[in-house]
Structure formats: C-alpha cells, structure tokens
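Let's take a walk through this one, chain by chain. Have the sequence and the model open side by side as you read.

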Amino acid sequence: MMNYSSEPPDTPAVHAEGLTVVRGPRTVLRGLDFTVPRGQITGLLGPSGCGKSTLMRSIVGTQAKVTGTLDVLGRPAGHPTLRTRIGYVTQAPSVYDDLTVRQNLDYFAAILAPGHAASERRHSDVTRVIEDVDLTSHADSLAGNLSGGQRSRVSLAVALLGTPELLVLDEPTVGLDPVLRRDLWNLFHDIAAQRGATLLISSHVMDEAERCHRLLLMREGEILADDTPDALRTRTGSETVEDAFLHLVDEAVAAGRKKETTR
Amino acid sequence: MTTTTTTPPIAPAPTSALNASRTLATAARVLRQLRHDPRSIALMILVPCVMLFLLRYVFDGSPQTFDNIGASLLGIFPLITMFLVTSIATLRERTSGTLERLLAMPLGKGDLVAGYALAFGTLAIIQSVLATALALWGLGLDVTGSPWLLLLVALLDALLGTALGLFVSAFAASEFQAVQFMPAVIFPQLLLCGLFTPRDNMHPVLEAISDVLPMSYAVDGMNEVLRHTDMTAAFVRDTLIVAGCALLVLGLGAATLRRRTQ
C-alpha cells in the first residue's frame, strides 16, 4: 500500500504549469499555469467551449494528449492511486438508466470498496449520499424514469461515494430549479467545511461565481483571472463577477488588437 | 438536504488487473440491468428454440438433414445472440459516459471484460441448455456423442460471440452501426463454416479462409460430437481453438478500452 502520510500536507489540490491539451487539429488548452488550494471551492467559469470540460477531464486523468505539468493531490494526474481519492461528475449524467438509484450507487460503491468485508460500510455510505442529494424518496425508482435534474443528482451522488478528497464537478447545477441549486451549493460548502474536501466546480452561470471561495475565469483555452470574487470585483471596479469577467474579456481583446497593430 | 457526520473514509483499494469482487459486482450489475428488461431475456432465450423448432419441420421429409444442420446450429445460435447483445450493451456503456466514469475509478479493464463475459455466459448457459434439450428430446436430434459435449461447445461459442461483440463495439459509433457489424462479422463466417456445404468442397481460396475463421471450428466440433461416441482428438483441437480465439478476442476487446480518450 502507498504511504499517504508521507505526502506533504501543504501540497495544493491541483497544480499546473504549462498545461497544454490538443484535441484533433485544435489546441484546446494553451499553456495554463494555476493552482487550486485545498479545502476550498474553486469555481471554473467561462463561456461554453472555452475548455472547462477538457481541463476537468485532464485533472481526473481521462483526457489524452496532455502535456506540461499537472499534479493532483501531490501526484501526477491520472496516477492509479488517485482513482479512489477523486470524485468526478461529467456534464451529462453518467448512470445506468435501467437500474434503480440505489442499485446504481451499490455498484459504484462496490467498485470503490470491493469485497464482502466492506459491505456494511458500503450500505451506510450509499444511504448517506442518497440523503445528501435529497433522493431518499426516489431510491428505488429506475434512473431512466427520473427527471433530468434528478438524474444529474444521482450522478453527483456517485461522486460523493467514499468521501473523496477532491470533487471535480462539471456544471452540476445546470437545469436545476433555484431551491435545489441553493441546497446543492449549501451541500458543497458543507463538504468543504466539514470534510476539508476540495471542490472544483465549473459553471457558465456567473451568479454562481459569488458562492465560490476562488475563481478561475477562462476564455478560449486561456486563464483570464485566478483570484477571489471580491478581489476580482475590486480590481476591475465592477459590481458583479459577470461585469468583472466582461471587463477582463474586453481588456484581453484590446490587448490582442494592440499586439496585432504594433506587429 | 444535510450532510450527516461522515462515515470513516473508505481506504483506497489497489487497482489490479483482475479483482474477483469487482468482476462479480460487474457481472451482477449487468444481470440486474437485464432483469429490468424481461423482453430482451425472453427473446434471447426463446428465439433459438423457435428457430430449431421451425427448422425441424422445414426438413420434415428428411430428418437426416435436420441432424446435420441442427447440431451446427446449436453452436451458431449462442454465438450470434451473444455477439448482438454484447456489442449493443458495451456500446451503450461507452456512449452513456458510464465507461469513462468506471475507468476513472479503480476498476481494472479485465474486471469489466470478465464481468460482461460472466454475466452473458450465464445467460448463454440457460439458452444453450434449453436449446440443446429441445433439440435432443423434443425434436429427436440424433447425436452419437454426449449432450454435455454439445453444451460445452455451445458455451465456448457463446463466449466467442461475447468476445467478438465486445471487440466490435469499439469500432461502432452508434447502435445503428453496431447492428450493421453483425452481417459484416458473422455472415461471412456463417457461409464459410461448413453449414451449407462441407468445407473441403469449397473453392480452395475460400477453404483456406474458412480455416482461419473461428466459427468453422465451432461447427467442426459439433459435427465430431454428432458422429463419434467419445471425445476425439479433432474435437479437443476444435474446442481448444474456439476457446483460444475467444480469449484472444477478449484480450483485444480489453485493449480497446482506454482510460484516456480524446
């Protein structure tokens, strides 16, 4: 077994240097440098198609053609020992439609903690995550018969199994009603505060940015800003994070034009 | 929505090539999925029986022909059914995102492949037992050798079908394409396996091709049981070839599962 205690406690959750990803003819991520601190909620924001999902796939180790440095929880991304320490939710819910909510979770729990000895712990773990995503009354419904929002919550519940140290959530609140969205964000904050877990949450809804401890603003495969929401607003003299983002985009576009004209 | 006080974190389990618990959990999951789909199970199990029944009375005037073809078909049916079911099931796993999720978890590729083979192998046993029993005792198929040997070949054929289906699903982008692979992969073997005419009567080129296709050995094995009372050397060779092919293709299928994708 690996000796986890030997790992320095102050390593960041994610550390990237010159992170570049090529997909087909396109360079999707262009030499990113950033750090995601532990125990906090970091929001990954930017318009759709800016590379958020590719960045998340690189961190969980399912993206091919990743170059540069990318360390996750003190190990290179995709390291086999990370597979039980990261919870990952893809944008589209990835669960079995022809299994019930509980059967889905039972299976994924058995993959994370196999064997008969762990069966009691698995059972309590599954019951806990079903409560966490507020699906107790639907535990025995087929996932395929649930609404879109409910299915994405099943997918989220799978990622919460086994109390991972890092949660990578790709647009977990898309298509949910305001009450559920608020409840989920409260859950995310509880997870960060009580379990000391790190959360990396992507969104293209800027009002969710206010709920994060830190923000990474992305545009066209580059990082525009890496700061706290307050600092971003102060720096750009904007009322909201949305305005701050627009301000930074305008700046980037202007800088790009200047470079072209001076050439 | 509350976070209860946390249960102790589950200790990270090592990832190995093959883990019995994970394989069994996967097989149980696949069977559980099927259980929610009773119509598919009924089709898988009943269609071969109905076909045999039909065939028996198509050759009502010449029971000799039924004897010759019936035994071969007992080997071919499980292969075709398992090919179809596996290729669609694994394709669904690929397109639904559950495969990506599983491979981001500590699941070995071997666990997944073995889990599928185990689940569909169980179904193949049920299917083969029913079809063999119906052919031998219901329809009067005249076999010299032991019915157990028939069953053994049928099972290996089912495994081969599972393996081929798993492998082919890697090259299909949609269920529509996956179904088209059936005629592409299965029909040539069907024509060349010696079902319609003995393989040594074919054009030498075709005979040479049929020598490298696994279904030919499945049919040869069935014919050995049909004609001989005990296990012949040819039977042993045929079953070993079919089993070897199945394992080889299962290995290739596992190799098409990639943890990192574009």
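A contact here means heavy atoms within 4.5 Å. With that in hand, start with chain B: residues 24 or more positions apart account for 78% of its contacts with a separation of 6 or more. In chain A, the corresponding share is 67%.

Before going on, some ground rules. This is a predicted model, where local features need pLDDT of at least 70 and side-chain atom pairs count only at pLDDT 80 or more, while totals for chains, interfaces and linings use all residues. Residues are numbered from 1 along each chain as its sequence is written, chains are lettered from A and ligands numbered from 1 in the order in which they are written, and side-chain values use heavy atoms, with hydrogens and water left out.

Back to chain B, then. Its secondary structure comes to 10 helices and 0 strands (helices are DSSP runs of H or I with at least four residues, strands are runs of E with at least two, and both are numbered from the N terminus). The chain has 262 residues, for which a compact globule would have a radius of gyration near 18 Å, and the 20 Å of chain B agrees with that. That radius is taken over C-alpha atoms, and the globule rule is 2.2 Å times the number of residues to the power 0.38. The C-alpha atoms of chain B fill a box of roughly 75 × 40 × 35 Å along the principal axes.

How much of chain B is buried? Buried residues make up 51% of the 262, where buried means under 20% relative accessible area, exposed over 50%, and partly exposed in between (1.4 Å probe, protein chains only). The accessible surface of chain B is about 11,800 Å², with 69% belonging to carbon and sulfur atoms; these areas come from the Shrake-Rupley method with a 1.4 Å probe, and for residues only the protein chains shown count as cover.

Buried residues make up 54% of the 263 in chain A, and 49% of its accessible surface of about 11,100 Å² belongs to carbon and sulfur atoms.

Zoom in on helix 6 of chain A, residues 229-236, where Pro229(A), Leu232(A), Arg233(A) and Thr236(A) are buried. Seen down the helix axis, the buried residues fall within an arc of 95 degrees, so they line one face of helix 6; the arc is that of the directions from the axis to the C-beta atoms. The face turned away from that buried side carries the exposed residues Asp230(A), Thr234(A) and Arg235(A).

Lys65(A) has a positive phi of about 55 degrees and lies in the loop between helix 1 (52-60) and strand 4 (66-72). Lys65(A) is exposed, at a relative accessible area of 53%. Asp134(A), with phi near 60 degrees, is found in the loop between helix 3 (119-132) and helix 4 (148-160), and is partly exposed at 41%.
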